Protein chains: 2
Amino acid sequence: MAKKIKNAISPTRSEDYPMWYQEVVKASDMAEKSPVRGCMVIKPWGYSLWENIVNKLNEMFRETGVKNAYFPLFIPLNFLEKEAQHVEGFATECAVVTHHKLEKNKDGKLVPAGKLTEPLIVRPTSETIIGESMSRWISSYRDLPLLLNQWANVVRWEMRTRIFLRTSEFLWQEGHTAHATEQEAIERTMMMLDIYTEFVEKYLAMPVVRGKKTEAERFPGACDTTCIEAMMQDRKALQAGTSHFLGQNFAKGSDIKFQTKDEKEEFAWTTSWGVSTRMIGGLIMTHGDDNGVIMPPRIAPSHVVLLPIIRKEEEKRKIMDYTQGIADALRKRRYHGRKIVVEIDDRDIGGARGWEWIKKGIPVRAEIGPRDMENDSVFAGRRDKDPNEKQSIKREAFINGIQDMLDDIQDTLFNRAMAFRQEHTHNIDTKEEFYEFFTSQDNKIHGGFAMSHWCGSSECEAEIKKDLSVTIRCIPFESRTEHGKCICCGSASSRRVLFAKAY
Amino acid sequence: MAKKIKNAISPTRSEDYPMWYQEVVKASDMAEKSPVRGCMVIKPWGYSLWENIVNKLNEMFRETGVKNAYFPLFIPLNFLEKEAQHVEGFATECAVVTHHKLEKNKDGKLVPAGKLTEPLIVRPTSETIIGESMSRWISSYRDLPLLLNQWANVVRWEMRTRIFLRTSEFLWQEGHTAHATEQEAIERTMMMLDIYTEFVEKYLAMPVVRGKKTEAERFPGACDTTCIEAMMQDRKALQAGTSHFLGQNFAKGSDIKFQTKDEKEEFAWTTSWGVSTRMIGGLIMTHGDDNGVIMPPRIAPSHVVLLPIIRKEEEKRKIMDYTQGIADALRKRRYHGRKIVVEIDDRDIGGARGWEWIKKGIPVRAEIGPRDMENDSVFAGRRDKDPNEKQSIKREAFINGIQDMLDDIQDTLFNRAMAFRQEHTHNIDTKEEFYEFFTSQDNKIHGGFAMSHWCGSSECEAEIKKDLSVTIRCIPFESRTEHGKCICCGSASSRRVLFAKAY
């Protein structure tokens, strides 16, 4: 009979979800706060996850003809003035560089010197600076489409920060494309949302709702913003990726013109799309349990940790050889485009060792002691199951079955998240129920996804936001035409939209 | 008989080397100046080269146990004050963030607002901020060695900039390691220099001289700086990579202490090492000719461009199918860890098409016209040869021989660069000859590498630098003990050092 194991993370999710998140991040050794206000340090275990995300997305982008490039970190102040609407949305909280050197003052302290004639902004996003390049690179329809992507750090000054979810500096990719026709730009906007959907569902094992933002929630200056929204375990929504159809708005601001086949001059149609290190926060909050992070195998930094158990010095050599042999055999196998990554942890620190790997979320742990070796087996545990639930597996079966085991964990995580979302998604048709849904408490957690009717007015949207801090996350693509009454004002509505509290 | 082809780049190298460099970069479509002072835009062809560099180095670093991480872009001013010597070397020219928002003033113009209580510096290098993390992450000998690397953008304000060679913002990697013993840190310093040497010579096809910096040329605060120095075609030296043994200096500044096995407290021994986008400038200046860039095949963004020649519309389908078949067959092959990357350029722009690819430096071009198709062949040109020197090769032989052809180009580039360096490296033993060597002109280019004796005094070193702008690039590891007289003061010297003008 399994003995009761204390949870590795305190508080648990149900005790205090925000605090649980902080503790999980800490226990996973993925990242930490830095001494620089609002900035995080991404530690090797977290950065390796990010590299896997980058590599997979790069592959998917590349297949659609997108090319990576790199644009300056700094944006001249006057560039922001070109895009009035855009600036309203972004430039209010950003890092401003005003000097280009340091000097010692008479007390020997370093002080800023060399004042710039025009301040520079540390990019909060690169629309304007990439637009300037596009305006020079594009002159004819032959130059279109222009399909660019950039992996970069960006800065948006934040007063209240949470690692991965909201930090002043974060890492992201921003795609920027220009097209000859409106249709092509709209198709690209959707194509990139499709890629995000596939990536997030298939690799991060996070089910998402796809849809369009309302005007109030759109990217500043965009004609249309499409997004994918995931449900976290506190039932709040997290936007995991967005793709914007910018019409000719940005082309006009940045003067991106081209000559058509019949020699007319026209403004290009542009798009932009991005995902960030925020996705990692989403992954943690989707799959993590009271014992720590759970890494979906297809994106995990490492797949398997082997834990040799050495009780007597004279057994050490044999057990280590046996362990090494298993590692070598596993490493020859591939799983979703990568070689299987195997850790061998032979530190002599007792039970803390296994728990460290549980908290880090490695998909598979395999203990290897003298008896396992005698039986030509390993004693394996899966991260998606109870830490106590381990089983003896014959060496050959373990090695040959590793990909299936990883796929099974991946599927379990996705299905579990999908079931959770379905359980907490409700069609709500009266204002009373709606307010009740978002205010009644259940272990400090309330609400979920409310699929409710909305008349389309921004007044109703604003009222609900003001009353409940609940926003329309998206108008889901899959939401069918259906007669109903606006949850706020009771006017006629033709489809349900997704309301939720959000990160 | 080959007709005389005009050079694609004007001016040529011998006419005006600095201007040639600018024109080559422009013609290659690798990068360009941005509207932001001192910053460059790295275009897809240049960025793809950088990604190949990153991927290969990551692989080599990883094999030695190094892990990637990410640290904040900003460094608090007081961090720099911890490292007095370090700051003298770096912090004088840097971007200083003093405000965290923008506001509209009464004229409606955006102005900086929200003054920070302490200014932040955009990292010129991350020694101090990584040191702070190390001081928290390391407490016992069990935590050592700690082997970290970061890929990042850094900023050092530059008044006179040249793309890839000297820009205010550039991309680089910075490795930072901490060790329990001096010996281990010294070994790591050399190990990383070995990796840089192997990478630069084997992948970038640039022969390098390995050695130690003199005290005057060392990294500020380091005990020892080792480096690799390459000769450009204007015979100047370019430092292609450095690796620093920092002793306990930085550990003391950042308070990186650990408990030894016998429970004593000691400061760790640290190293740092880096290469940057500057290497791309070196690659261009090592191999480029008067027709543009030449990409070494093992690092080239793409290996082969197929150029279908379609004179009649009715031939188009057949020629395109034939071309596609060749592309598919080539793409199944691997070359030095990557699939062979094939471009098909079917633009109808005449002779400009082939020249564009020559200027971009793609290793192999293959024209495919109706006659080539009839003969089941292609008409191939190699970038290391005269643009006119093309030959008909049977399709099968072309496909099966592609890796050998690429290796042959790679070897040619390395051997050519090595021969050039040897031709322009001289043992010089008198001050008169030395001054003559660095001042006499030959098509605006003079000097080269002078292997000369030096007494070891920084006065002699400074005098030569003042007179000739010539510095000691390194004390080569391979320089043997040999009695001689200092090239400057005539005092006794025991070995030759490498003098040159440098980028």
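By what turn and what shift along the axis can chain B be laid on chain A? A turn of 180° and a shift of 0.0 Å do it, with an RMSD of 0.0 Å, the copies being superposed by least squares on the C-alpha atoms of residues with pLDDT of at least 70 in both. That is the relation of a two-fold axis. In chain B, the C-alpha nearest this axis belongs to V97(B), 2.1 Å from it.

A word on the model: it is predicted, so local features need pLDDT of at least 70 and side-chain atom pairs count only at pLDDT 80 or more, while totals for chains, interfaces and linings use all residues. Residues are numbered from 1 along each chain as its sequence is written, and chains are lettered from A and ligands numbered from 1 in the order in which they are written.

Now let us look at chain A, which has 15 helices and 27 strands (DSSP runs numbered from the N terminus: helices are H or I, at least four residues; strands are E, at least two). Its C-alpha atoms fill a box of roughly 80 × 65 × 60 Å along the principal axes.

Chain B holds an open, mixed sheet of 11 strands in the order 3-7-8-14-11-10-9-24-27-23-22, where two strands pair if DSSP finds at least two bridges between them. Strand 3 (67-68) and strand 22 (425-427) of chain B each have a single partner strand, so one side of each lacks a neighbour in the sheet. Further in, strand 23 (residues 449-453) of chain B runs antiparallel to strand 27 (residues 496-500) of chain B, joined by four bridges. There, S452(B) stands opposite V497(B).
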